[in-house]
Amino acid sequence: MKRIQLKARAKINLSLDVLRRRPDGYHEVEMIMHQIDLFDRVQINEREDNKIVINTNCGYIPKDSDNIAYKAASLIGNTFNINKGLDIHIEKKIPVAAGLAGGSSNAAAVIIGLNRLWNLKLTVKEQMELGVKIGADVPFCIAGGAALAEGIGERLTPIKGLKNLWLVISKPSISVSTADVYKSLSLPNIQDKRPDTQMLLRAVECGDINLLASNMKNVLETVTEEKYPVITKIKRKMMEYNALGSIMTGSGPTVFGIFKNYHRAKSAYEHLSLLYKQTYIVQSFHRRNDDE
Ligand SMILES: C[C@](O)(CO)[C@H](O)COP(=O)(O)OP(=O)(O)OC[C@H]1O[C@@H](n2ccc(N)nc2=O)[C@H](O)[C@@H]1O
Ligand SMILES: Nc1ncnc2c1ncn2[C@@H]1O[C@H](COP(=O)(O)OP(=O)(O)OP(=O)(O)O)[C@@H](O)[C@H]1O
C-alpha cells in the first residue's frame, strides 16, 4: 500500500483589495499572498477498500465528505477514474476558520500528494485548475511561496517572496465565515481604505519591509473589524510591542504583525500569548512548489 506525507502551509494576505462583485456573488480581488511556516501535516495512505476516511486530532472540523481534504481526494479520484480508498490523516496546527487558508492548504496537499502517489504527471498549473473547483485559495496553496492573486484569487503571478521575515500571528477566540464577510462588504465603504497594490508589490520584491509593513491594507477589515473590536485591540497591541505594521489576514479574525527581528517578535509573542491562546511566532516561507 502506498503512502505519502506532506506539510500543508498557511498563508497570510499582505494586502487584500476587492475590485468588484461578480454576478455569481464572487468578488474580483487583488491580493498579495505569502505562505508562512505554520503548517498542518497531511498523511495519505491507500486502503484495501474504496472508502475515503478522514482522521484528525482536531475536534471541530468535519470528518465526512464536508471536509475539504475529502472533497479534493474525491475530485482527483473521479477526474482520473481511480477507485482506490484512502486514509487521510490531518494533524491540525493551523487555526480553523481564521483567514489562514487552513482548509485550503489541506486540499492543496491532497492534490499535490495524489499527483505524486498515483504518478498522474499533472503540472502545477493543471493541479491549480483542479484546485479552484474546491476553493478560491486552493490554487495559491498549490503554487506556494508568494504571489499576486487576481480574478477570484486563482489568477496568480509569482513574486519573489520574503526570506526570514519574522511575524507574530494572533487569533482571537471567534470564528468567521468567509462567505458572510464577502456578503456584508459594502464597496462604497472601502474606497478610501484600499491598498496601493503596485507599491506594495515593489516593496515585497525589493525586500523593503518598512515600506511594506507601514502600508499594508485589507479591505475586509471594514466588515470583520467593525463587528469584532478585539481585532483593533490586537492590532494596537502588536504596534505597542514594536511591530512595523499589523493587519488582519483574509476574512479574519486572525491578525498578524511584521517585526524587524526575532527578538522584537519574541517579546510581542510573549505578551500576546498571555492574552490570546492561539498566538504563534513564525517566519515567512518563500519556496514555490515548482522549485522543490
Ligand atoms: C478571504 C480569502 O481567504 C483571501 O485569501 C479568500 O478570498 C477566500 O478564499 P476561500 O475561503 O478559498 O473561498 P471559497 O471557499 O472559494 O469561497 C467561500 C465564499 O467566499 C466568497 N468569496 C470567495 C472568494 C472571492 N474571491 N469572492 C467571494 O465572494 C463566496 O461567497 C464564497 O461562497
Ligand atoms: N480540512 C479542513 N481544515 C480546516 N477546516 C475545514 C477543513 N475541512 C472543512 N473545514 C471547514 O471549513 C471552514 C473554514 O475553515 P478554514 O480553516 O479553511 O478557514 P479559513 O482559514 O478562513 O480559510 P480561508 O483563509 O481560505 O478563507 C470551517 O468551518 C471548517 O470547519
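1. Basis of the model. The structure is a predicted model, in which local features need pLDDT of at least 70 and side-chain atom pairs count only at pLDDT 80 or more, while totals for chains, interfaces and linings use all residues. Residues are numbered from 1 along each chain as its sequence is written, and chains are lettered from A and ligands numbered from 1 in the order in which they are written.

2. Confidence. The chain has a mean pLDDT of 97, and 99% of its residues reach 70 or more; pLDDT is the predictor's confidence in each residue, from 0 to 100. For the complex, the predictor gives an ipTM of 0.97 and a pTM of 0.97. Where pLDDT is low, the predicted coordinates should not be read in detail.

3. Helices (H or I, at least four residues) and strands (E, at least two) are DSSP runs, numbered from the N terminus, and two strands pair if DSSP finds at least two bridges between them. Strand S1 (residues 3-21) is antiparallel to strand S2 (residues 27-47), with 16 bridges between them. Lys11 has Gln35 of S2 as its bridge partner. Five residues separate S1 and S2 in this hairpin, and Gly25 in the turn has a positive phi of about 95°.

4. Further partners of S2. Strand S5 (residues 146-150) pairs with S2 in the antiparallel sense over four bridges, with His34 opposite Ala146. S2 also runs antiparallel to strand S10 (residues 278-285), to which two bridges join it; here Gln35 is partnered by Phe285.

5. The annotated binding site. An unreviewed UniProt entry lists Pro95, Val96, Ala97, Ala98, Gly99, Leu100, Ala101, Gly102, Gly103, Ser104 and Ser105 under "binding site". UniProt positions are given in the numbering used here, feature names are shortened, and annotations may be inferred rather than shown by experiment.

6. Ala98 and Ser104. Ala98 lies in the loop between S4 and helix H2 (102-117), whereas Ser104 belongs to helix H2. A residue is buried if 20 or more other C-beta atoms lie within 10 Å of its own, exposed if 12 or fewer, and partly exposed in between, with C-beta atoms placed from the backbone. Ala98 is buried because 23 other C-beta atoms lie within 10 Å; Ser104 counts as buried because it has 27 C-beta neighbours inside 10 Å. Contact requires C-beta atoms, placed from the backbone, within 7 Å. Not counting residues up to four places away in sequence, Ala98 touches Lys171, Pro253 and Thr254. With its neighbours within four places in sequence left aside, Ser104 contacts Ile68, Gly135, Asp137, Val138 and Cys141.

7. Ligand 2. The ligand is surrounded by 20 residues, of which Ala101, Gly102, Gly103, Asn106 and Asp137 are the closest; a residue is near a molecule or strand if its C-beta atom, placed from the backbone, lies within 6 Å of it. Helix H1 (68-79) and H2 each supply at least two residues of this shell, and H2 gives the most, with four.

8. For "domain: GHMP kinase N-terminal", the unreviewed UniProt entry lists residues 67-145. Over residues 67-145 the chain is 53% helix and 9% strand, with the end C-alpha atoms 24 Å apart.

Methods:
Two residues are in contact if their C-beta atoms, placed from the backbone, lie within 7 Å.
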